[in-house]
Amino acid sequence: MTMTRTQPGKDARLVEARPIQQLRHVLNTALRGKPEVIEYVLACLLARGHILLEDKPGLGKTTLAKALAAAVGGRFARVQCTPDLLPGDITGFSVFNQKTREFEFQPGPVFADVLLADEINRTTPRTQSALLEAMAERQVTVDNVRHPLSETFFVLATQNPIEHHGTYPLPEAQLDRFAMKLSIGYPDRQSQRELLATAVGGGAFHPEVTATILHPGQLYQLQQQVAGIFVAPAVQDYLIDLGEQTRIHPRITLGLSPRGLLIWQRVAQAWAFLKGRPFVTPDDVQAVAEPILAVRLGVEAAPAAVICEILSAVAVPLYPK
Amino acid sequence: MAPDGTRALRAATFVLMAIAHVAVEVSSNPAGLLSWFGVSFGICLFATAMLVSRYVPFSANQPHLPRWATLVLALLLIAPLGLEPLLRRVTGNGQPLELQMVSGVRVLGVGLAALARWAPCLQLAGVVSLFLLLFVVAMGAQTPIPWLLAAYTVVGSLWLMLAYSSRVRFTAASETTPGMATAVERVRLRFPAWEMTILVLLTVAALCLTVIGPKRVTIALAEMMPTSGGTGKTDPFARYGIGDGPEEVAGDNARAAGMVETDMMIEDNKNALLDAINDMYGPPHRPPQKLQRMVAGGIAEIIKMHGKLPQSARPSRDFDTSRKGPKSDKKLDSHKARGVIEVEGRTPLHVRLVAYESYDPDTASWIEGHKPASRLIEAEGGDWMRLMQPKASVGWYAKDERHRLKVADLKTNLVPTPTLLTRFRIQRVDRPDYYEWNYDGVLALAGRTSTPPGVVVSTECRTLDPSRLPASAIAAVGTSGDSALLLDEVPDALHRQIAQIARNWAGDRPRGWPQIEAVLNTLRSEYTLDRAATAPPDHPAPVVWFLVESRRGPDYLFATAAALLLRALDYPTRVCLGYYAAPEAYDPKTAHTPVRTTDLHTWPEVLLCDRQWLVIEPTPGYEVLGPRLPWSERAWLAVQWLGLWAWRHSVALTIAVLAAVVITWKRHGILDWLLVWLWRLFPGRSWREVVLGCLWILERRHRRQRRCRPSHQTLAAWVASLNGGASEDRELAELVWLGEWAAYGPDLPTSLAPAEIRTHCQRVLQTWTLSRLNQPTRRGRVA
């Protein structure tokens, strides 16, 4: 006798979230051979988090961002961060209208649905700080006037880890506002072959990459659905234990903040959603632990090993105490 | 984890434990001396511990104590309790319960010292040694104890300094060596809620058991308090304490009431202290006109005599303030003693009352012996009296045997003593002229009509093995040295017949013990003890009737027959009447053997050449006190007893052993079967408990295969590791899905019924059985 359900571990309502599958397909087409990165990006998008892509040049960071922006169907803005970039160039600024004799606010690129901050570490900390409020509260305040951003505002920042001249490392406050830090890495041989084959003749253009998958407001609905994913108290205790473990670990100088804990839970919910499960398990928590902790923990070297130690030090709850 | 450089600290721990070991040994002995057994045992113990400490496998990567070491330590703790019955069987001696427990702690401490490479063991060993020293200080007052305490203080201070310096060294090394800090394990401190709960529950259970449990349990628990010294009611080897032992205590214990050696024996009609109290708090006490009793002297008198106040006379003795006045004139003897004498010491024991020397054939009765002319008693120190031996002590005697005979209700002035007496003492009756001989070997109080109840007679007597006696040890007729003795007299009317029987029984055996033994063996083996059998009234010679016709009779006929037969063989023999303390009557609760009036017995005695009377036993069922057996023979007897016991209970023992073997062999399967049945009977109140219970059993089965789930691993990851990349098992995958839902999920989807879940869990348990997991051929699939 087999239990009457559609598929082990999958919830019927969630399995039918077809836009997610389409979105996954489009992003996998744009960035070949990196399905795990795509999953993280999707989880981050659904969890209303922001992503910091840290990798070498030419690995597809911008391509991924543009494909994502096109797929979610929102406004896309790109900021090439340079040392002479000013905060107003991001948030926008007020100009005096000669006709109306009033100052009018000219919104900056931050008012897009998907903002690509390319080479974010090349701009000054002053300009970097312009994103603090936008990323955390989804609003900007200019001349004491609050300007709300899109509900699906999503920042995808990139930075180059190998160049240090003329760069300004992101402060901890800025890092803590990112949900996760990802490295794309080089694609495998097969993916590179496909990439080359696609480029022959027709160039790099692929119609699927620019397709809009989600209707207006649909992303927000999905994000609300993710926020409603059930998290058992035992799993929340597990999250808290992990957070406390980051604060007492000898090799970590800055432990997990409560904001980081909230983001971790939200991303774990999104991960469970992507897996078609209506509740969060410790597997989800562990699966997203590395990109989430890597961006915000003060680890001098080998963060992956430290995160592995943290996960190994906390018992997974299974049986009721 | 113990750092390197703790060798000196571990050595100091051994020294601490050695001092504590010696101190406990000293305090266990009232004289403050070390027994050879304790010394040799201690040497063996410490030598073994040092070897273990040297060669025990220790890895710095394994900071926790191995499980086997924990098991060994637990066994060491309870080993003395388990070995005590066997030691009691072999040695005949034992330890009180609190000393057994202390022995367990002592051995545990040595075991901890042996495992001192692990820091918790090192610290626990120090604590155990301190506990032992505190126990010794609280319990013992022997002379060496202050010296041992001083030595412990010195070594303990050194131990503390070494412990501190090793910690400082380790910290300094951590700070100066790069990367060492990473080795520091941060342990999150927590309140030991579980441990405290268990401790509180155990305490409450002990209190409940004490208050509402059986009285025996209450007494046993009370005996675990070292200061109580034990009541002796449940353990014959419980130590003396306040209100116990030779000191005064109320109750029917033979070791207590009335048997007070610290009191003086006086004879007067004046009111005693008890009478004065009766006068004050109740109706006046009217003592009988003539009273012999033991009364406590005044405190000043006691201090003068003893130097310091005895325990029983200290002002702190309890006095019941709720005492009510006696309703009637209670007599002191209102509680009747259970016997005439209480014997403390090894039995069987023959206590002479009357010695008979000549036999009258006309009346068929024995005539009492004569009273010795000389006292043959001289005083020694400490109230001891020594019997003057007419000849030098000969070499066939074994080590002297000590007894304490406590007079409970003797109607005569007899001083009860064993045979072959060498020394005796009644405290404060310290002059030879206080004693006299009623008969040869029968001691009595001179000038008194009866021996007061409560007198304690301490004695030392000789023992010997008659089979090792040389032929010359038996006195020959006419060498008794006293012309009045008629120890070889056999009536003429009986002489021919008796002599014929004696010669037939003795055969051609050499003179001496072989002939005597032949006579005794014949009587013991071919004749029957029958107390109701009596000779016909018209029979001229009852002893002949016994020997020739009936071949059964009471013990006096056995004694008479043996005496006349041996006299016919020219051995000086007499017959004695007295009390026989039978080993079967030994009361382990009081550690005494009561002798009742029904224990009157008649036996013959043969005169030895040193003028000692050797007790012989022709009566079946009666034995003579022999020498204490050496260790080897006692051990051999114990082994024989054990073998005999095993043979008698061979069926039950075989079944028990087989059952134990089968249970041990199949323990995992049996336990698993029990768990599954428990799960089936009590699956839980909700579907979540059903699933989690099933998962727990499944996880436990894999633990047996060392594939248990690490605590940090999730359920899905664990099951995936079991599959080892093989194709996913559908049943397991569904169970994982159910388990995750049960552990972390919201309410169950309506598409699933609890009955269906339970059926699925049962199917998984039936599929993934222990035997399937044990099969190596399938390991590739499951691992």
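Author: Let us begin with one pair of strands: β2(A) and strand β5 (residues 114-118) of chain A pair in the parallel sense over five bridges. Pairing requires at least two DSSP bridges, and a strand is a DSSP run of E of at least two residues, a helix one of H or I of at least four, each numbered from the N terminus. This is a predicted model, in which local features need pLDDT of at least 70 and side-chain atom pairs 80 or more, while totals for chains, interfaces and linings use all residues. Residues are numbered from 1 along each chain as its sequence is written, with chains lettered from A and ligands numbered from 1 in the order written.

Reader: What stands opposite A:R78?

Author: A:L116 in β5(A) does.

Reader: And in which order do the five strands of the open sheet run?

Author: The order in chain A is β2-β5-β8-β1-β9, with parallel pairing. The edge strands, each pairing on one side only, are β2 (76-80) and β9 (180-182) of chain A.

Reader: What does helix α3 of chain A touch on the sheet?

Author: Helix α3 (residues 35-46) touches β1 (51-54), β8 (154-159) and β9 of chain A. Its direction makes about 155° with that of β9(A). Contact means C-beta atoms, placed from the backbone, within 7 Å; axes are fitted to C-alpha atoms, for helices over the stretch in contact, and angles between N-to-C directions run from 0 to 180 degrees.

Reader: Changing topic: at what angle do α11 and α12 of chain B cross?

Author: The axes of α11 (residues 492-506) and α12 (residues 513-526) of chain B cross at roughly 105° and come within 8 Å.

Methods. Two residues are in contact if their C-beta atoms, placed from the backbone, lie within 7 Å.
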